[in-house]
Structure formats: structure tokens, C-alpha cells
Amino acid sequence: MTDPFVVVGGDAAGLSAASKCKREDPDREVVVFEKGEWVSYAHCGMPYYVKGEVESLSDMLSLSPEQISERGIDLRRNHEVVAVDADAETVTVERGGERFEQPYGDLLVATGAHAVSDPIDGADLAGAFTIHSMDAAAALRAFLTPPAEIDPDEVDGAGEFLDRELVDEYAAREPPEAAAIVGGGYVGVEMAEAFSAHELDVHLFQRPERLLPPFGEAPAERVAETLRENGVTLHLDTEVDELVGDDGAVAGVVADGERIPVETAVVGIGIEPNTALLDGTGVELGVEGAVAIDDYGRTSRENIYAAGDCAEMRHTVTGEPDWVPLGLTANRAGRAIGQSVAGTPTPVGDIAGTAAVKAFEMECGRTGILDHERAREAGFDPVSETITAGSRSGYYPGNAETTVTLTADRGTGRLLGGSIAGEDRAAIRIDTLATALEGDTTVAELERLDLAYAPPFSPVWDPILVAAKVLNGTLD
Ligand SMILES: Cc1cc2nc3c(=O)[nH]c(=O)nc-3n(C[C@H](O)[C@H](O)[C@H](O)COP(=O)(O)OP(=O)(O)OC[C@H]3O[C@@H](n4cnc5c(N)ncnc54)[C@H](O)[C@@H]3O)c2cc1C
């Protein structure tokens, strides 16, 4: 009998693969090892849970352990895979201090990534968080909520998994009045909105001059303006030196030599792929230390696959490997690998780094290659245009200024990337550009797209068409 399909990691990529494999090949034994308590949870909802917009932690669970078992998957929580022997085709699993070997026929490494906080002194103080686990989100929300307002149901819905001690510890603390956010990427921006909802004095520190670097200049400016309008103090081009403590808890943030009193902090300065279990296996790593894979998610060692935040993917514009850890990428690659393991080879697909973020009412989307330096490195001659146009017919209520930036290759006219910002359904418009990138569309072709028009939805000339027209003129 074939050894089982062993999956390491019980979230987006891992469970998508396990479910798909089991559905396609019900006779195949599928074992999922998850080192923590939580499985099938939505990281992406955590800022909105902390904000209070998502009511309960349980709302962010997709499948319960029981539902996973009902699919015929052998789910083992609190089992950490600590080593892989690619020659013997076994993994070493640790549970409660004890170790055992598990043979595999196929192995999927879907271990995700971990938040980086080491460079910031004081990131280990009480009151400092990285928003990269459900327990941290629960503890932070308990910390932000005045004791009299804590509704036990909000956390108890997922009480089975919860680090109750941690949550109780924070619930017992005096709620903070001021917060520091270290890092102005999308998690930092989302957390600014979350802290503001709890009426904290919010300071957001960003080392580069701009927020949201992958989104480019125009969205960054509009988000910065919106954050300021909503009372967030931005410290751009500012390096945080350290978080300082009082009695073991965050009491201030020091940046450019100035100390600002805060009682809580979120450090969102980046993540790194979890690949330690592959040390010594000969599995090759690639961009940013993520696992190198081929079109089918196969690593350099036979029968070992990788997917999700721990793996690189091919970029649809450059054709080169890239690392853009996002939710759909993990789910889609996991599903494809599950299907391949079940007997139907299925490509994991390419990525364009398509992403969306909101800050209060401001929405942004981005896709492809926007940065000119990056475009040049990939062999293109980039040219960009930015326009602002209405989101609906000018006379129709709700019309809002929408800023579109498009970047194209001067020589071929090929669209390389784009970004969109605005308050009226701006973010989701990015999907038009993502689709265009997938088809190697030129700006001239983009300008001729037959996009929908009716006053409540769009002006006759959708902002994307306006931008294409302007950029096409520049290319001509
Ligand atoms: C705050 C936040 C907001 C986000 N918002 C968005 C968004 O809006 N849109 C978007 O596209 N993406 C978003 N993301 C990213 C998205 O959540 C990830 O891309 C996605 O969760 C990756 O799935 P994954 O399965 O690869 O990894 P994970 O979801 O991290 O799962 C990996 C699992 O592997 C387990 N594991 C690790 N090592 C081992 C081991 N050795 N043995 C056993 N188990 C192990 C971990 O405990 C974990 O449960 C957000 C992420 C965060 C943190």
C-alpha cells in the first residue's frame, strides 16, 4: 500500500491540498500535522476582529476539526514536524516532548511564514504584538476592551483552541490609551484603523518615505491623507529605535531619539518563510528563502511539494520566481497539489502580486510590476501615467475620485502593472488589470476593453479606460 500523503500545516495551503486529494482519491490516506491548536483559520480577518467589526473568533474559522475529520482527513493538532528525511521518505514529528517517525508517499510543506520582530528591541515586552496568530489577536482585543464591556462569547466561540491564560492576562490589564504601529505595510495600515476604532491615540512609524511600498506613490499618498484625516499620527521616513518598558510592559516607543508614551505596539515589519524543517534535506530554497518549486509545486526533492507562504511562485509578468505571500496563492496552489497527488497533474498557476487594502473609507488595489527599477531589472523599459477620474457618472450619488496608475513597457506597449485608489469600490476594480496581465494585454488593447457602463456603477469611460487612453497617448 502507498504511504500516506503527509501535509505539514493545517491552514490555507495544507488543508486545501488535503481536502482536494481526499475528494479526488478517497482511498488515499491523508495525514495533516499542525503544530498548534488552530486549524483552518483566517489570518486576513484578524485586524477586523481586533477592531470589533468581526464579532467572534469563531467567525474566522472555515472548517472545524470535526468537519476536517468527516472529509476523511487524519488531522493531528499539536503535532510539530521538526525534520524531514528525504532519502528515507519520513518526517520526524514531535508531540508533547515525544518524537516519532512518519513515512510519506508524498509530502506537502505548507508551513506558512512567521512575523519578524527581532530587529526591534522591546518587541518581547507585554503589550507588544505581531498580528500573526489568532491567540495574539484575541489577547489584543481583550486588552483594548474595557473589562466591563468584554463579552465572553466573542472569544468563547473558539474557546476550544484559545490560549485562555494569555487572553485573561490581557483582559485584566488597564486598556491602553496610545498605540505604536511599527511598519506601514498593509497589516500596519489595517491595524491603524483597528486601534482608532477603540479610540486610541495611534502613531504609525514607517522607515521608508511612503506607506504601502508595493502599491506605489498615488495610493500611498491617498492612504496617508485618509489616515491623517482620521487622527492617525504618521511618522514617515522614521526609524523606530526601540520599544521601552515599565515593569515588563510597553510604556513608550523611541524613534529618531524621541520617546512617545504608548502602552501597546504592533510590530509589522515583515515575515519570513518557515523552512527550518527542510534544513539538510537538499530541498532548494529560492527568493527570500522561500522554497523553490516548479509549475506543479514540486521541490527539488522527489515527492516533496511546497505551497503557500513558505514557497515561491512564478510571476506572470517577469516569468521569474517571486515571493508574494497571499491568501489566494496558498489556497490555489494547495488545491492544485492535492489534485496532482491524487493523480491529475495540475499547475499551481502564476501570481501577479494582486492585493487590496483599505484604510477607513479609502480602498486600494495593486497588481503586477509598478516599480520602475524592478521593471528595468526584468528587462522592460517602464513608463507610467497616473490619472484621476470619477467612479460613477458625475451626476450619480456616490461618485468618488478614483486614482489609477498604469505602468507599461515602452517598446511593446505591454501592460506591466497598475494600482487603483479611491473611496468607491476602487480596490476590486484591480481585478480587471490582473486579468489583463494574465493575457499579456497591451495598453492599446486595454483601452479597447468593453467594460460595463451604467451611472450607478461607472462613468461611460471607466477610470481604467481613461488611464489606458492617457498612457497609450504617451506611448505613441
Ligand atoms: C494580519 C494578516 C492579514 C492578512 N490579510 C490578507 C489579505 O487581506 N489578503 C491576502 O491575500 N492575504 C492576507 N494575509 C496573508 C494570508 O493570511 C496568508 O497568505 C495565508 O494564510 C497563507 O496560508 P498558508 O497555509 O501558506 O500559511 P498559514 O496560514 O500561516 O498556515 C501555516 C500553518 O502551518 C503550521 N506549521 C508551521 N510549521 C509547522 C511545523 N513544522 N509542523 C506543523 N505545523 C506547522 C502553522 O502553525 C500554521 O497553522 C494576511 C496575513 C496576516 C497575518
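## Basis

The model is predicted: local features need pLDDT of at least 70, side-chain atom pairs count only at pLDDT 80 or more, and totals for chains, interfaces and linings use all residues. Numbering starts from 1 along each chain as its sequence is written, and side-chain values use heavy atoms, with hydrogens and water left out.

## Overall fold

The protein holds 13 helices and 25 strands. Both are DSSP runs numbered from the N terminus: helices are H or I with at least four residues, strands are E with at least two. The radius of gyration is 23 Å, close to the 23 Å that the globule rule gives for 476 residues, so the protein is as compact as a globular protein of that length. The radius is taken over C-alpha atoms, and the rule is 2.2 Å times the number of residues to the power 0.38.

The C-alpha trace spans about 65 × 55 × 40 Å along its principal axes. Of the 476 residues, 53% count as buried. Buried means under 20% relative accessible area, exposed over 50%, and partly exposed in between (1.4 Å probe, protein chains only).

## Ligand shell

The shell around the ligand has 28 residues. Asp11, Glu34, Tyr41, Asp309 and Gly327 come nearest. By class, the shell has 15 nonpolar, 8 polar and 5 charged residues. Here Ala, Val, Leu, Ile, Met, Phe, Trp, Tyr, Cys and Pro count as nonpolar, Asp, Glu, Lys and Arg as charged, and the others, Gly among them, as polar.

Five elements each supply at least two shell residues: α1 (12-24), β2 (30-34), β4 (80-85), α7 (186-197) and α9 (327-341). Domain 1 (5-36 + 78-112 + 272-341) and domain 2 (128-269) both give residues to the shell, so the ligand lies between them. The domain bounds come from an automatic or database domain assignment.

## Backbone contacts to the ligand

Polar contacts are pairs of N or O atoms within 3.5 Å; within protein, one must be able to donate a hydrogen and the other to accept it, and residues adjacent in sequence count only if both atoms are side-chain atoms. A polar backbone atom of Ala13 is 2.9 Å from a ligand oxygen. For Ala12, a polar backbone atom is 3.2 Å from a ligand oxygen. A backbone N or O atom of Lys35 lies 3.0 Å from a ligand nitrogen. Taken alone, the ligand exposes 1,000 Å², and the protein buries 89% of that. Areas come from the Shrake-Rupley method with a 1.4 Å probe; for residues, only the protein chains shown count as cover.

## Loop residues

Asp294 sits in the loop between β17 (271-273) and β18 (304-306). Its relative accessibility is 29%, so Asp294 counts as partly exposed. A polar atom of the Asp294 side chain lies 2.8 Å from the backbone nitrogen of Tyr296. Asp294 and Glu242 are 52 residues apart in sequence and 41 Å apart in space, C-alpha to C-alpha.

Glu199 is in the loop between α7 and β11 (201-206). Its phi is near 60 degrees, a positive value in a residue other than glycine. Glu199 is exposed, at 74% relative accessibility. Leu212 lies between β11 and α8 (217-229), also in a loop. Phi of Leu212 is near 45 degrees, again positive in a non-glycine residue. Leu212 is buried, with a relative accessible area of 1%. Glu209 is in the loop between β11 and α8, and is exposed at 60%. Glu209 and His235 are 26 residues apart in sequence and 9.0 Å apart in space, C-alpha to C-alpha.

How values were computed: Near = heavy atom within 4 Å.
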